[in-house]
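Please look through the structure below before reading on. The paragraphs after it take one part at a time.

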Amino acid sequence: MSGLLDHLPALQVVLPLISAPLIVLVRRQRFAWLLTVAVSWISLAIAIALFVKVGQTGVISYAIGSWPPPWGIEYRVDALNAYVLVLVSLVAAVVAPYARISIAAELPREQEYLLFAMFCLCLTGLLGITITGDVFNVFVFLEISSLSTYVMIALGQRRKALVAAYQYLVMGTIGATFYVIGIGLLYLMTGTLNIADLAERLRDVKEIRPLLAAYAFITVGIGLKLALFPLHQWLPNAYTFAPSMVTAFLSATATKVSVYVLLRFYFTVFGASILFEGLPTADVLLALSVAGMVTASLVAVFQDDLKRMFAYSSVSQIAYITLGISLANEAGLTASIVHLLNHGITKGAIFLLIGGIALRCGVVSFDRLRGIGQRMPLTSFGLVISGLSLIGIPGTAGFVTKWYLVVAAIDRGYWWLVAVIVGSSLIAVAYVWRFVEVAYLSEPDERSVKRGEAPASMLGFAWVLVIGSLYFGFDTSFSVGGAREAAALLLGGAR
Amino acid sequence: MRRDIVLRVIAKILIPFMLLFALYVQFHGDFGPGGGFQAGVIIAASIVFYAIIFGLPATRQLVPEWIVESMVASGVLIYAGVGLVGILLGGNYLDYFVLDHDPVHGEHRGIFWVEVGVAVTVSGVMLKIFYMFAGRRRDEDNG
């Protein structure tokens, strides 16, 4: 048994990978769902085991095919990606059991098992991007997760889902292409694709121009995937029209994993070279983040569709994460990394709850949700709590992030930034208040039939995440503890 | 084209040789140009050829949709399974060296099965795409 434990890094990726074709072979809806739940829970167990092991023994290195690291593909688990692995598999483990009723209601029966197969592939891709220590392998898994994501979005109920998926496909393909061009240039200059080896060799590279180009291509490419402010156009449509469980899963994991890739490149790969200093990257990223925080929040206030509103809110929340990266000090990076988890859980909870509303009411536009607070009290209350976490009220997970962001801004002496952070939180109050107003303060819609609460299994798993967003507001030993360790690791490798 | 006797006879003669050539490309991939991907494409091409001459319904009888879908999945399963066998035999994931009594033979065996997986999935995917496009009717395009 101890032999099997050595293979946890490979199994983390391989188990969801083989369950996808198994689902397609068996072609039973029930089996597909059961296998997806089983594999996502096992993934969570493996991720936690890896996290604990990294805490005890340091970096885990696993050579695929027994080819030693700089030549073969290496899976490398350290404090940072162990943390992200836990986030991704945790969200999958909550979303998968939730999905059964939601998917049965939103998809034709003969497509259900295909969606679960795609879900497993997407999980494979996201876990693979996170765990691998090889930049080309990152690209392969990026494609696996992206392609399965396009399919999952296109399976949305409305025909517009096809357009949304196509839009994302175009943007995502440009992003992936830019990424490959970037790593191609890096390979040209160093002759290696292994992340640790790249960082080592970039130090000796004298010719700076190709590196600069690589740096730009990778930043823009990954920026597209993580929906960095002016590159976020695909996100609102994709989130709005995808099936509910897909939106919840993507919003909590896909953009977060892209942020992880960006962190890896900025601090582990490029950080060691002379490239990072003397470039206005931090200032550009800071400006884009500030613009994203304010603009996307403002746009969110004026949306008529609940799902779309929170999709725009995601863009602004991602800007908080990139803001922390641009500050590039320990508090800032801690804020970014902890917000991966905090926002992932909070937004996951929100979209899962909205899935319950979609099941009961069909559409989630504001004019159809009047008085929803009386008809679906638990769902509405959960949405309000998660909304408070988005705003960053003390006692919620969102507050922890904002606290570290403010500390980081003060460390840098950017007092105006503190005002911007508080200001954009106030805009978040405005859009969360819109839901409160519609749900609690308006008369119930007479035309719509009186319907009850969402099914227990959906509501229960959504509430797991709601409680998570409260829990990580009080007990930060895992969230901030893990994030701080990861931030120290990144900065230690950088300078 | 179903009534054209020349095409039908030629097709029936050619298709076995196309499949044979696919097998040659598949198994000779170790030593010359070729391999699972190319072989998979040639297999799919021979079926597409059959469909062009004998029509889609006849082809669907010959190679039903469910077989195509299973092929797409089982190829991936074979590939990933080779990796798992590596773990079971005491190596790392996708470790070929432990698959046989000595590393070189193990490598051959591993690549052989991996290429089988590739061929199965590639021909399945090609046929699936063909069926999807060929199955669309014109009025659906305008709707």
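Domain bounds, as used here, come from an automatic or database domain assignment. For chain A, this assignment gives domain 1 (1-278) and domain 2 (280-495). The model is predicted. Taken over C-alpha atoms, the centres of domain 1 and domain 2 of chain A are separated by 22 Å.

Where the two domains touch, 43 residues come from domain 1 of chain A and 46 residues from domain 2 of chain A. On the domain 1 side, the elements that give two or more residues are α4 (79-106), α10 (234-241) and α11 (244-269) of chain A. Of these, α11(A) gives the most, with 15 residues. Sorted by class, this side of domain 1 of chain A has 30 nonpolar, 10 polar and 3 charged residues.

Now turn to one helix of chain A. Helix α18 (residues 415-440) of chain A has 26 residues, and from its first C-alpha to its last it reaches 37 Å, close to the 38 Å expected at 1.5 Å a residue. Its buried residues include Leu417(A), Ile421(A), Tyr431(A) and Phe435(A). The buried residues of α18(A) pack against α12 (281-301), α13 (306-327), α15 (372-375), α16 (377-391) and α17 (397-412) of chain A.

An unreviewed UniProt entry annotates residues 5-25, 37-59, 71-91 and 111-134 of chain B as "transmembrane region". In the model, residues 71-91 of chain B are 86% helix and 0% strand, with end C-alpha atoms 28 Å apart. Residues 111-134 of chain B are 100% helix and 0% strand, and their end C-alpha atoms lie 34 Å apart.

Notes: Residues are numbered from 1 along each chain as its sequence is written. Chains are lettered from A and ligands numbered from 1 in the order in which they are written. This is a predicted model: local features need pLDDT of at least 70, side-chain atom pairs count only at pLDDT 80 or more; totals for chains, interfaces and linings use all residues. Helices (H or I, at least four residues) and strands (E, at least two) are DSSP runs, numbered from the N terminus. The expected span of a helix is 1.5 Å times one less than its number of residues. A residue is buried if 20 or more other C-beta atoms lie within 10 Å of its own, exposed if 12 or fewer, and partly exposed in between; C-beta atoms are placed from the backbone. Two residues are in contact if their C-beta atoms, placed from the backbone, lie within 7 Å. Ala, Val, Leu, Ile, Met, Phe, Trp, Tyr, Cys and Pro count as nonpolar, Asp, Glu, Lys and Arg as charged, and the others, Gly among them, as polar. UniProt positions are given in the numbering used here, feature names are shortened, and annotations may be inferred rather than shown by experiment.
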